[in-house]
Every structure is written in structure tokens, then in C-alpha cells.
Amino acid sequence: MTSFELVKVALDSLYAEAQAEHGKKADATIAACIEYLAKSYSGLNTPGRAAVDYKDPATRFAYVYKYVASHSDYVVQVLEALQKQRKPIFGAENIRVSCVGGGPGSDIVGVLRYLDENKHVEKVSKVTCYLLDREQAWADTWTELDDSLKTDLVLHANFQPLDVTDPDSWAQQKKFLQADLFTMSYFVSEVKSLDSGGVVSTFWKTLFKNAKSGALFLYDDNGHDSFNNYFDALWKAEGLKCIVEATNSWVWPRGNEQKSELGDYLNKFGQQPKLKTPLSYRVLQKL
Ligand SMILES: C[S@@+](CC[C@H](N)C(=O)[O-])C[C@H]1O[C@@H](n2cnc3c(N)ncnc32)[C@H](O)[C@@H]1O
């Protein structure tokens, strides 16, 4: 299945939830939520801003509709860029992946699609995944995606509530630190300006310090220097090695990804899914 086909399955379920919550106003509410997200993302650098709120099913529909297919495809493209430097990427049959801010499922869908499309190179047969996110409601959305993934890979997915601004929520969680790959897709930008008193930086430092040797970290995000510079300073201070990177370069979902899979939804909200974007990425390794 392509990412857009998977997203369609998740959207059908979220649309029913949004209708149950908002009745006849569901479409108008979703359109307003798409605007809300765009406005929130354009103000991510504003110190003291409110956290983006994903609880309402209309907001989660808006997010999945607009962003999940392309974000998961960007993850595939970053892993393909890494594969040019390091082939195979994974040396084991069983791997662990921790997706920080990965509740909507974009990151793990990208990883699984990469493994599936590159099974002639990658010998991974089982993936244990930790989806770490502050918003518990994403667990339902992820389940829809999980059920629809058609792959031979054995997947053990664990959704774990974790708020990077609240050390009490992560200090006692240890398993996710054993990952072979950590993904941070469009997450650093989401929490950078919530770093009052350095609480978010402490999370990143703890993550880098306690990850195992050889662990990989995939960062991809808005092509914006303030996020790149902030993140670069954090990983450089911990002595990680950058294997592959790009800064503010334009990307599109690959040719097999067709937004037309989203059918009638494309005509309902006056907004199309995100496709082309300036992307910055880094893949880092702990030595
Ligand atoms: C822009 S979305 C990125 C989602 C996904 N990684 C992707 O690329 O599509 C940001 C995610 O971070 C989560 N999030 C926001 N603040 C958080 C926090 N303080 N701790 C953990 N997760 C948080 C949100 O619930 C949301 O799932």
C-alpha cells in the first residue's frame, strides 16, 4: 500500500469520529482545524506560545489528511539517502525503533515502507516500535494504520504517553532508549519554543547520553535555520556523528504516491494535502 492509501483508511475512521463529535458541522470544523494547524505551525518559533492541541478528532483528521502521507514518504527518502552511505542500514534481523512525537504514525509507516521496499538489502524481519507522544488520542489513529499495513514484517508497536516538557513522564521509561533508530519527524520544531528553563533540551541530552552505541537518530523538519541550528547545537555537544544531511532542500513525495487516493476528501475542505516542501534532515550516529 502507498502512504496515501494507508492514510485514506485512517481518515475514514477519523471522519466518522469527527462526525460523531461535530455532526453537520464536521466538514466546516475540519476546514477550520486545517487553518488552525497551518497558523500554529507558522508560529512555532514564538516563545511562550500555546502547545498545539490535537485532542479533537477533527484536528487529528486535519493533521492526517494534510501531513501524514508526505511526512512518511520523506522518512523513506531520508533512509534511502542514508542507504547510499551505509548499506544495509540495519545489521540485525530484529530491530527497535523509537518514534519521538510519532503518535500519528508517519514515522513508523515510513520506516516500514523503507524496509519493505528494500528487503533485498535489509534483512530485518521483526520491528519493535515505541510510539512516544504526549497526545494519547493518537493511539486510536495509529491502530487504523497498523491494521492496514500489508507487510511480511512482524511488528510489535507500543504506544507510550510521553511529554518531553514533563520529566516525570519520561524519567522512568527506559526501554525506548534501547532503540537502533530514533525518529524525530517534524517534532523538534513542535517543541523547541516550549524549552523554558531548558526542560526540552534536557530531554534531548538524556536521550543522546542514554542511547546505546551505534544508535541512529533521524531528524527531519521544516527547512528553517532556527530549528536546524538549535538541533545541531544539541547533538554536536553530545559528540554524535552526522552521516548524511541536507539543509532546506525541496522534496516531493515519490512518484508512486498519488493524493487522488484520498477521493472525495480532496473536494471537501478547500485544502490539498501537503506535497512539495523545503526539508532539512540529518541522520546521526552515536559512536
Ligand atoms: C507536527 S506533529 C509530527 C508528527 C509525526 N512525527 C509526523 O512527522 O507527522 C508533532 C507531534 O508531536 C506531539 N507532541 C507535541 N508536543 C509534545 C510533547 N511535549 N511531548 C511529546 N509529544 C508531543 C504531537 O502530539 C504530534 O503528534
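An oxygen atom of the ligand is 2.6 Å from a side-chain N or O atom of S106. A polar contact here is a pair of N or O atoms within 3.5 Å.

| Side chain | Distance to a ligand oxygen atom |
|---|---|
| S106 | 2.6 Å |

On its own, the ligand has 590 Å² of accessible area, and the protein covers 98% of that (Shrake-Rupley method, 1.4 Å probe).

The model is predicted; local features need pLDDT of at least 70 and side-chain atom pairs pLDDT 80 or more, while totals for chains, interfaces and linings use all residues. Numbering runs from 1 along each chain as its sequence is written, and side-chain values use heavy atoms, without hydrogens and water.

The shell around the ligand has 21 residues (a heavy atom within 4 Å). Y63, S106, D107, D133 and S185 come nearest. By class, ten are nonpolar, five polar and six charged. Helices α3, α4 and α7 each supply at least two shell residues (DSSP runs of H or I, at least four residues).

The ligand sits in the largest pocket, with more than half of its atoms within 2 Å of the pocket's grid points. The pocket holds about 730 Å³ of space. Of its 38 lining residues, Y41, Y54, Y186, S189 and E190 are closest to the centre. A pocket is an open set of points on a 1 Å grid, for a 1.4 Å probe, with protein on both sides within 12 Å along at least five of seven lines; lining residues have an atom within 4 Å of a point.

Definitions and conventions
Grid points are joined across faces, edges and corners, and a volume is the space filled by probe spheres set on the points. A polar contact is a pair of N or O atoms within 3.5 Å; within protein, one must be able to donate a hydrogen and the other to accept it, and residues adjacent in sequence count only if both atoms are side-chain atoms. Ala, Val, Leu, Ile, Met, Phe, Trp, Tyr, Cys and Pro count as nonpolar, Asp, Glu, Lys and Arg as charged, and the others, Gly among them, as polar.
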